[in-house]
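Please load the model in your viewer and keep the selection panel open.

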Amino acid sequence: MNGKRVDIKPLGGISEVVPQKPNDASEIVNMTIHRQTMGWDTRVGYEKYDPKPTNLWQPFNTLRRIDSLFLWSRHQGAQDWIFLESGGTLYWLDDLSLGSALRLQTVESGRVTPALGEAVTSYTPFGRFLIIVNGYDRPTKAAMWPVWVMPGATQQSLPLYDLGWRQAPMPPTVWGVDNNPASISGNQDIGIWAGSSSDEVGLGSSTASVTNTYRYKQSFVNNSGSEGPLSEASNSVEWDTPSAGTYNNSRFITKVEIQKGPEGTVARRLYRTVNTKGGDPTVAENFFFVMEIPNNQDEAVFDHLGDQQLGSLAPGLTDSILFPAPAARFCATFKNHLFLDGGSSEGTRIYWSKSGRPDEFDVFNFIDLGGRDAGSITGLHAHENFLIVMRERGIDIIRSVSDSIGNVWFDAQPVSGSIGTKAKDTITTIPDLGVVFLATDGVYLLSGSKDGGGTISIKKVSDPIMKTIERLNPDVIARATAVYSQKWREWHCYFAADGEEKPSIGIVLHLDRIAWSVREGFPVSMATTNYEGDIIFGHNEGEIAGGDPDESGLFVVSRRQACGGEYQSVPTQEVVDSPPCDSTYRSAWIDFDDPNAKKRVHYVYVYMLSQGDNTATMKYFKDYNFAGTDTPAMKMQRPDHTDQKVFDSAVVGTDIWDDELLTQVRFPISQGSCAQFQWEIETQNSAVILGWAIEYTVPGGTKIISGKRA
């Protein structure tokens, strides 16, 4: 009887469809792509963000679950600012302090933690500010540079400001003018003589006996360059131009008391009417720019500008309004404008700020998307030349539109009326591919553009792993999180599965093969990446009171091949590596192109890179029976060759240290005949699997038996 051999390489990713292709896998757990060979590599794990063993879990040792996480990378990674929330407190991670220890600095305490079915805090950078909203607490913006440090202090000051204007200024108070300064006796009258009858110096008419009338308004300007709403008009200041004496036909200077602005105000602007001459109906009461007071300390100014010296017309009442989105849940920066949703009470409305001014909103700068039944807004994401508006059951995009004379506005267009998501933290741009996000029924890719007559397409990319997707708990999909790492060339998504209320499983899309794998045992609650592409995540459980210190805080996905760390009290109090995560590769079910014929498998050869004396054991299965049989453990050394040196046997300066070499590790199979065959390697050791082969025979004419009769 002649033996047969089937070779399977290269390997694909997970495929949970039936029937499977031979190079697919039924399971790939806790493995990554080996960049040099495109094989599957077990060398993956996670470690503390702060690698110092003796720091234990500090400064996170009292934190529970990390509810939100954002890393703001600036200046090509020269500044990495990490914000995280836990237990209703917003922190930033201070790595600027003197000494070696990281510190958590409190940004704001007493914050509301959204329910498990609600989206957590949203962040978006805007210039030198970080915008922070969550639908409950006041929307704020953090100014991250400079950070003020007092000598010897442990608490650093992180400026935090209200987003938008919460109130208009009080009207200015104008002192009266006495047209005979020599007779001034107080009572808020002032008679500063301009010393000129020129129309360019001083206020009032130079024509004798004319009644002069003025009113003022003021506005605040904050540290983002945004100008707030105008105040109501001040009291009127009125006097008659002297007709005789020393001050005949003279003009005067007024004194105006102005209000200080809220925290973050850097300047005040003063506006004034021209001379309305006691209510002359031929003179409109318009307000014009007088001056900018470049501080928030002065309480009064003197106005000496003649009407011809006034600046531009004051902003209209609709040009800058009180903050329209105090309950905003989602935010994004697009085309130099800040976009915000209207909150749960205005779930289909979007507001946007003026260009370059995140606190300044025009009364007409909003869009309401409530014209179709797609549900509330659930996320905003800027991508290329449009802003994605994710909704519960649909997707819209917002684009900028301009006319022939340069006027720019925004309009919205629907792109889907059936696909949407509540998982706003999974919406991720993958360069050169598009935008990927998790929905309750799978992972979707949105690609294309409306520019130049193009189209936008939405495609489900998770068909190979739908059995895993079906484990998702849809009630808490809002807590799912995803990131793309250009360092790993992987898209990671972690979500709650099997009825859990916190992320408990991860799916990974490997761009080098466009293949899927699964992550288990990674305690991810929220994830982000830094400039270099390192994947940083917050723990999904955190410190539990009592006993030895438990894992808490921030961790980094790495090739360290350790699943976190364990507290060790003896001989020293430090954190040591935990054992590696279990890595699993399970082949597809193979029927050898003839599911009716019985086959007898004799050997499975696994093409691997040599890993010294590390061992691997194979479990094999037949005919969809999951009670498998184990083979003997095999070393990952080349057969018929002298063993390569390993760390504990090599002599420095004497032995030649070898690279990893391609080897075939042969596993004997003894299970009788079968119609379908499958094998699995589960290990905590280093292994790189490149492909596999099977040697088998087909006993003469043996077929599967007929179906069972009822």
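What percentage of the 710 residues of the protein count as buried? The share is 53%, where buried means under 20% relative accessible area. The model is predicted.

**Whole chain**

Start with everything selected and coloured by secondary structure. The protein has one helix and 55 strands. Its radius of gyration is 35 Å, well over the 27 Å that the globule rule gives for 710 residues, so the protein is more spread out than a compact globule. Switch to the C-alpha trace and orient the view along the principal axes: the trace spans about 130 × 60 × 45 Å.

**Largest pocket**

Next, select Phe 70, Tyr 123, His 381, Ile 427 and Thr 428. Of the 37 residues that line the largest pocket, these lie nearest its centre. The volume of this pocket is about 1,200 Å³.

Now show the strands around it. Those that give two or more residues to the lining are E6 (68–74), E10 (122–126), E25 (331–334), E29 (377–383), E33 (428–430), E37 (481–485) and E41 (524–529). Which strand gives the largest share? It is E6, with six residues. Colouring the lining by class gives 20 nonpolar, 15 polar and two charged residues.

**Second largest pocket**

Move on to the second largest pocket, with a volume of about 640 Å³. Select Ser 15, Gln 20, Ser 26, Trp 589 and Gln 678, which are the closest to its centre among its 30 lining residues. Three elements supply at least two lining residues each: strand E1 (4–8), strand E2 (25–29) and helix H1 (466–469). E2 provides the largest share, three residues. By class, this lining holds 16 nonpolar, six polar and eight charged residues.

**Enclosed space**

Rolling a probe the size of a water molecule over the atoms shows where empty space is left. How many cavities of 30 Å³ or more are there? The count comes to three. For the largest cavity, select Arg 65, Ile 66, Asp 67, Arg 479, Pro 503, Ser 525 and Met 526, which line it. Its volume is about 40 Å³. The lining divides into three nonpolar, one polar and three charged residues.

Zoom in on E19 and E22 (residues 265–273), which run antiparallel and are joined by seven bridges. Tyr 216 stands opposite Arg 272 in E22, and Gln 218 has Leu 270 in E22 as its bridge partner.

Are the residues of E19 mostly covered or exposed? The strand is mostly covered, with seven of its seven residues buried.

Methods: Residues numbered from 1 in each chain as written. Predicted model: local features only at pLDDT ≥ 70, side-chain atom pairs only at ≥ 80, totals over all residues. Heavy atoms only, no water. 1 Å grid on protein atoms, 1.4 Å probe; cavity = no way out; pocket = protein on both sides within 12 Å on 5 of 7 lines; lining within 4 Å. Points joined across faces, edges and corners; volume = space filled by probe spheres on them. Helix = DSSP H or I, 4+ residues; strand = E, 2+ residues; numbered from the N terminus. Nonpolar A, V, L, I, M, F, W, Y, C, P; charged D, E, K, R; others polar. Pairing = 2+ DSSP bridges. Rg over C-alpha atoms; globule rule 2.2 N^0.38 Å. Buried < 20%, exposed > 50% of the residue type's maximum accessible area, 1.4 Å probe, protein only.
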